[in-house]
Amino acid sequence: MNDLSGRTGLVVGVANKRSLAWAIAQAAAGAGAQLVLTFQNERLEENVRGLAATLPRAPLLLPCDVTSDEQVKALFTTIEQEVGSLDFLIHGAAFAPREALTAPFTQTSREAFHVALDVSAYSLVALAAGAAPLMAKRGGGSIVTLTYLGSERVVPNYNVMGVAKAALEASVRYLAADLGAHNIRVNAISAGPVKTLAAAGIAGFSSMLQLYRERTPLKRNIEGAEVADMALFLLSHASRAVTGEVLFVDAGFHAMGM
Ligand code: NAP
């Protein structure tokens, strides 16, 4: 059901081996997909290049800082020239200035608000707009982004990132409505906490992991591989009627009242 042979996908948001986007890239490549991976800047290029070398088939590696319209445009121009078309897009880019994830939310600066929403929410819109024509060539496609429960409930220190995730999830629904006529589906996976580079920026992250172990119905934390399995489902034929959805991979935490 989850066979991706003959499919090509773009994965944005691999920083290191702990990245959720990397777990998804590995699973998609294992299912037979050919990948295009991006790196944000030269500092991260070597990391991503090292990881890419471990995949069964060498991916195309391209730079993309998602805050740059020029780089996003150049990314899709190169993909069109080198690959021709796309079947899926994994969006795992997010960022908020560290001080916005430690100080009270009331003190969020205009700049921090702008940066968090630009990198973490608008980037999905920009990348979906670039990917859609390449997916239309294939008769459709699947776009998957990563979100967190802090979009709809207050989670201590998640702050402006929660606001960005609310915008991201709303964007998922609007994109799904726009792109559905081209058989392009757009969904989000709402993951439980996993210790990654981005997570390390959230104050009190370790106690969050502990709280999830105590309070989730499954009494445990989740792993990147479990997020990747859900992503494979969303990329595959099995989810062909699912779009505009936020699916939780959080050991059931979202279901609990207390
Ligand atoms: P991660 O490994 O740090 O991934 C975040 C990625 O976003 C990094 O590759 C980062 O690159 C990239 N990024 C930041 N600014 C960018 C820019 N301007 N242009 C291009 N890329 C940029 O952390 P992660 O936890 O796997 O995060 C992936 C996604 O999952 C995020 O949307 C996150 O909010 C979401 N999520 C994570 C958790 C969790 O607990 N880990 C839970 C739910 C949802 P740099 O390293 O260069 O900044």
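Predicted model: local features only at pLDDT ≥ 70, side-chain atom pairs only at ≥ 80, totals over all residues.

Student: Which residues of H3 are buried?

Tutor: They are Val72, Leu75, Phe76 and Ile79. These residues lie on the same side of H3, because they cover an arc of only 85 degrees around the axis.

Student: What is on the other side of H3?

Tutor: Glu70, Lys73, Gln81 and Glu82 are there, and they are exposed.

Student: What do the buried residues of H3 pack against?

Tutor: They pack against strands E1 (8-12), E2 (34-39) and E3 (60-63), and against helix H4 (110-136).

Student: Changing topic to E5: how many of its residues are buried?

Tutor: In E5, 7 of the 7 residues are buried, so the strand is largely enclosed by the rest of the structure. Gly141, Ile143, Thr145 and Thr147 point one way, while Ser142, Val144 and Leu146 point the other way.

Student: Why the two directions?

Tutor: In a regular strand, side chains alternate between the two faces of the sheet.

Student: In which sense do E4 and E5 pair?

Tutor: Strand E4 (residues 88-91) pairs with E5 in the parallel sense, over 4 bridges. Histidine 91 has threonine 145 in E5 as its bridge partner. The chain passes from E4 through H4 to E5 in a right-handed β-α-β crossover.

Student: And how many bridges join E5 and E6?

Tutor: E5 and E6 (residues 184-191) pair over 7 bridges, in the parallel sense. Within E6, serine 190 is the bridge partner of threonine 147. The chain runs from E5 through H5 to E6, and this β-α-β crossover is right-handed.

Student: Now aromatics. How many pairs does the structure hold?

Tutor: It holds 2 aromatic pairs. In one, the ring centres of tyrosine 148 and tyrosine 158 are 4.9 Å apart with their planes at 70 degrees, so the pair is edge-to-face. Tyrosine 212 and phenylalanine 253 form a stacked pair, 4.0 Å centre to centre with 20 degrees between the planes.

Student: Where do tyrosine 212 and phenylalanine 253 lie?

Tutor: Tyrosine 212 is in helix H7 (residues 205-215) and phenylalanine 253 in the segment after strand E7 (246-249), so the pair ties together parts 41 residues apart in sequence. Tyrosine 212 and phenylalanine 253 are both buried.

Definitions and conventions. Residues numbered from 1 in each chain as written. Heavy atoms only, no water. Buried < 20%, exposed > 50% of the residue type's maximum accessible area, 1.4 Å probe, protein only. Helix = DSSP H or I, 4+ residues; strand = E, 2+ residues; numbered from the N terminus. Arc of directions from axis to C-beta. Contact = heavy atoms within 4.5 Å. Phe/Tyr/Trp six-rings, centres within 6.5 Å; stacked < 30°, edge-to-face > 60°. Pairing = 2+ DSSP bridges. Right-handed = clockwise from strand over helix to strand, strands pointing away.
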